[in-house]
Amino acid sequence: TPDSCAFMPLTSSENVKVNGLVKITFSQPIKLDDETGQTLLQISTPLSVAVEREMIQRSMELEKQRLYEQAMTDSLTGLYTRVYMNEALKRIFSIQDRNPNTLLGVIIFDIDHFKRINDTYGHNTGDEVLKSVAGEIMETVRESDIPVRMGGEEFAVFITGKDAETI
């Protein structure tokens, strides 16, 4: 029934924006008088603060995840960065410490005369060449391999497992 529930907007600390709406259901009908209104008003502030804190926390977690992904993935090529490579190698070496038979292979290469491409055709064309090379790398490696853009036109692929023997 209408007199057994109340709706309360939860606003930001500046009372500018409604962040949520609370529905309070009472076990029996209530009388909405000044005293009840004051009680509801008193509990609305802590609820609003809790909702606002939760929104800030979620926003911070999303931003933290975005920054982590940005640090781990090269924005131009989509390959992993040196930062990610360093973390991955720590894990791989830890595994190898426990099992010395774990094989690790590394392929390191660069694009010869890449500076000439940039100087002759411009940096946009150079970027397209880097993306194309990265695409070829991604099509070639296995899901378990770690393809890395080391910097500039230098790349590395870390391979673990039996295939590392045949590098």
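Let's start with Ala156, which is buried at a relative accessible area of 2%; buried means under 20%, exposed over 50% and partly exposed in between, with a 1.4 Å probe and protein chains only. This is a predicted model, in which local features need pLDDT of at least 70 and side-chain atom pairs count only at pLDDT 80 or more, while totals for chains, interfaces and linings use all residues. Residues are numbered from 1 along each chain as its sequence is written, and side-chain values use heavy atoms, with hydrogens and water left out.

Ala156 sits in strand E5 (residues 154-160); helices (H or I, at least four residues) and strands (E, at least two) are DSSP runs numbered from the N terminus. Beyond its neighbours within four places in sequence, Ala156 is in contact (heavy atoms within 4.5 Å) with Ile107, Ile108, Ile146, Pro147, Val148 and Met150. Ile108 lies 48 residues away along the chain, yet its C-alpha atom is 4.3 Å from that of Ala156.

Now to strand E1 (residues 5-11): five of its seven residues are buried, so E1 is largely enclosed by the rest of the structure. E1 and strand E2 (residues 18-25) run antiparallel and are joined by seven bridges; strands pair if DSSP finds at least two bridges between them. Thr11, for instance, has Val18 of E2 as its bridge partner.

H1 (residues 34-72) has 39 residues and reaches 57 Å from first C-alpha to last, close to the 57 Å expected, that is, 1.5 Å times one less than its number of residues. Its buried residues include Thr36, Leu40, Ser44 and Met72.

How do two helices pack? Packed pairs are described by the angle between their axes and the distance between the axes. Axes here are lines fitted to C-alpha atoms, over the stretch in contact for helices, with angles from 0 to 180 degrees between N-to-C directions. The axes of H1 and H2 come within 6 Å and cross at roughly 90°, so H1 and H2 are roughly perpendicular; that label covers 65 to 115 degrees, with under 35 roughly parallel, over 145 roughly antiparallel and the rest oblique. Tyr68, Ala71 and Met72 of H1 meet Val83, Tyr84 and Glu87 of H2.

Helix H3 (residues 114-121) and helix H4 (residues 123-140) pack at about 140°, with axes 7 Å apart, and are therefore oblique to each other. Phe114 and Ile117 of H3 are among the contact residues, as are Val129 and Leu130 of H4.
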